[in-house]
Amino acid sequence: MKKILAIAFVTITLSSCSATEPISVKGEVVDCSSISAQGGKLEKLECLGGGSPIAPDGIKGPALINVWGTWCTQCRKELPHLIHFQEKYRDQIDLIGIAVEEKSQESVRKHIREKGITWPILYDLNDSTRAQFGMGVPVTWFIDSQGKAVYKKYGPFKSLEEIELLAKKYLGDA
């Protein structure tokens, strides 16, 4: 009996220690009017929520540019952490997505609504960002207030704390 109680206690304790809370945010296709950007050499990308097209290399920060795909398993794994980051820091650091290698804009919009994404998403129709951002996803660029990429994170975030520590280290007190 003690063994069963011990196993039950450990199971309950471990399952209650999840670092990621369930997502209850309803996704919204957001326009890009809030993005601070000027110029840029890359092709301007259409914003799924409307607004003027934006060249990703013209984005001014502090910002995180997250390159992802609806088809990407690792992108889906990091999504709860990005959602929590957005909820907590939306007034301090811009979070901007770039959807790559997608079937259609509508499939991305559907994914946004279903998965709780609430930040602007640029749509890379022609893989024009591949030369700058690379081929693998997810990749997240940390952009300072002058528009300089100060850090590139390859692979998924494993926690909200990881994003916070990297943002503090590379973007300071935004």
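The disulfides of the chain follow the pattern 1-2, 3-4, where bonded cysteines are counted along the chain; a disulfide is taken here as a pair of cysteine sulfur atoms within 2.5 Å. The structure is a predicted model, in which local features require pLDDT of at least 70 and side-chain atom pairs count only at pLDDT 80 or more, whereas totals for chains, interfaces and linings use all residues. Residues are numbered from 1 along each chain as its sequence is written, and side-chain values use heavy atoms, with hydrogens and water left out.

Two disulfides are present in the structure. Cys32 is joined to Cys47 with an S to S distance of 2.0 Å. This link of Cys32 and Cys47 is right-handed, with 80 degrees about the S-S bond. The pair links distant parts of the chain, 15 residues apart: Cys32 lies in the loop between α1 (2-15) and β1, and Cys47 in strand β1. Helices (H or I, at least four residues) and strands (E, at least two) are DSSP runs, numbered from the N terminus. Both Cys32 and Cys47 are buried, a term that denotes under 20% relative accessible area, against over 50% for exposed and values in between for partly exposed (1.4 Å probe, protein chains only). In the other disulfide, the sulfur atoms of Cys72 and Cys75 are 2.5 Å apart. The link of Cys72 and Cys75 is right-handed, with 80 degrees about the S-S bond, and Cys72 and Cys75 are buried.

The secondary structure comprises five helices and six strands, arranged along the sequence in the pattern α-β-β-α-β-α-β-α-β-β-α. The six strands form an open sheet of mixed pairing, in the order β1-β4-β3-β2-β5-β6. β1 (46-47) and β6 (149-154) stand at the edges with a single partner strand each, so one side of each is left without a neighbour in the sheet. Strands are regarded as paired if DSSP finds at least two bridges between them. β1 and β4 run antiparallel and are joined by two bridges, and Cys47 has Leu122 in β4 as its bridge partner.

Two helices that pack on this sheet may be described in turn. Helix α2 touches β2 and β3, and its direction makes about 160 degrees with that of β2. Helix α3 touches β1, β2, β3 and β4, and its direction makes about 155 degrees with that of β4. These angles run from 0 to 180 degrees between N-to-C directions, with axes fitted to C-alpha atoms, for helices over the stretch in contact; contact means heavy atoms within 4.5 Å.

Phe142 stands opposite Tyr151 in β6. Five residues lie between the strands of this hairpin, in which Gly147 takes a positive phi near 90 degrees.

Within helix α3 (residues 105-115), Val108, Arg109, His111 and Ile112 are buried. These residues cover an arc of only 160 degrees around the axis, which puts them on the same side of α3; the arc is that of the directions from the helix axis to the C-beta atoms. The buried residues of α3 pack against β2 (63-68), α2 (73-89), β3 (94-100) and β4 (121-124). Gly116, which follows α3, has a positive phi near 90 degrees.

Over the chain of 174 residues, 44% count as buried. Of the contacts with a separation of 6 or more, 67% are between residues 24 or more positions apart.
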